[in-house]
Amino acid sequence: MANSNNQLQTAKKAREDEFYTQLCDIENELRHYRTHFKGKTVLCNCDDPRVSNFFKYFALNFEILGLKKLIATCYKNNEPDLFSMNTCEQAVYIIYEGDKNGNRIPDPSEMEVLPLQGDGDFRSAECVELLKQADIVCTNPPFSLFREYVAQLIKFKKKFLIIGNQNAIKYKEIFPLVMQDKIWMGYGFKRNCAHFITKYEDTASDADHREGMIRVPSVTWYTNLEIPRRHEHIILYKQYNPVDYPKYDNYDAINVDKTTDIPCDYDGIMGVPITFMYKYCPEQFEIIGVFNHGCDNEYDLAKPILNGKELYTRIAIRKKQI
Ligand SMILES: C[S@@+](CC[C@H](N)C(=O)[O-])C[C@H]1O[C@@H](n2cnc3c(N)ncnc32)[C@H](O)[C@@H]1O
């Protein structure tokens, strides 16, 4: 039984690694970063340049964004097939340096598809060499390798704008980066849900069903690019009282179920939902830790237990004295 559960989990992870991002979702997020790309080299390193909408977005907007260079590498694939089976031990990459013939369109003749020596794994030496050339990395990486993917970006001190699961914020490898202000959430998807292009059938009974797509909840953009939203204070108007804001059974902190309900006059530690991170302004609040399992790392303060019941993960915050 345990074995078949493991097999199911592995299959689920493999499926989640093969969800493709829509151009409209890339445009929706990227419109907030128009000035960041001027004179920059962009790398999309989990993207078959022949089919990726990330590559398409940057190639089509190369001159508008003022890019210097665009590089894209794909994984275990040398056929132009969106739904690659990742069966090829060799992969390809493209370098695009803008419009050469003056028609302001990225023509195929202006792009050369070049072979990589290996399979295009973002961790391989040749892909790391391409990473070193990049100023900003932008893609939707495989969800199953998110921790390693982010660790590599941080190691090479790269700017990035990438898609990931919202819950990745509480991973023991990611949360310390959040606390150190090395990663934050971008503007995100509507209701934190995304429709990705997939060959797998969407079995969820959802009113918002779209053909050829799968609706994935709790998805977000992670970045370390500065955005104005990050410095906007939340307007707090609720007042603290011990009935609406009870303390956890096992930790001296009050529970707040909604970000908009954060009391304006409480100076102690508060447990707020993960979605608070969309509104987090480091000048207004400090992040103290997380209420998750209570044992993941030094920042995992306790399980969020209220009246004997364990709640969903909470972020532990405190108001800064302004
Ligand atoms: C979630 S899909 C997104 C694809 C594309 N970036 C997009 O947004 O449409 C993740 C992609 O990463 C590729 N991939 C999986 N493991 C990889 C690895 N180790 N190195 C590079 N790419 C990988 C998969 O083949 C898949 O195409």
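The following questions and answers concern a predicted model.

Student: Which residues make the contact?

Tutor: On α2 they are L23, I26, E27 and L30, and on α3 they are N53, F54, K56 and Y57. Their C-beta atoms, placed from the backbone, meet the cut-off of within 7 Å.

Student: What makes up the contact of α2 with α3, by class?

Tutor: There are five nonpolar, one polar and two charged residues. Tyr counts as nonpolar here.

Student: Why do β4 and β7 count as edges of the sheet?

Tutor: The open sheet has eight strands in the order β4-β3-β2-β1-β5-β6-β10-β7, with mixed pairing. β4 (112-115) and β7 (184-185) each have a single partner strand, so one side of each lacks a neighbour in the sheet.

Student: How do you know that β2 and β3 pair?

Tutor: Pairing needs at least two bridges. Strand β2 (residues 69-73) and strand β3 (residues 92-96) have four bridges, in the antiparallel sense, so they qualify. For A72, the bridge partner in β3 is I94.

Student: How many residues surround the ligand, and which are closest?

Tutor: 21 residues surround the ligand, and the closest are Y20, T21, C46, Y75 and N140. The shell divides into nine nonpolar, eight polar and four charged residues.

Note on methods:
Residues numbered from 1 in each chain as written. Predicted model: local features only at pLDDT ≥ 70, side-chain atom pairs only at ≥ 80, totals over all residues. Contact = placed C-beta atoms within 7 Å. Helix = DSSP H or I, 4+ residues; strand = E, 2+ residues; numbered from the N terminus. Near = placed C-beta within 6 Å.
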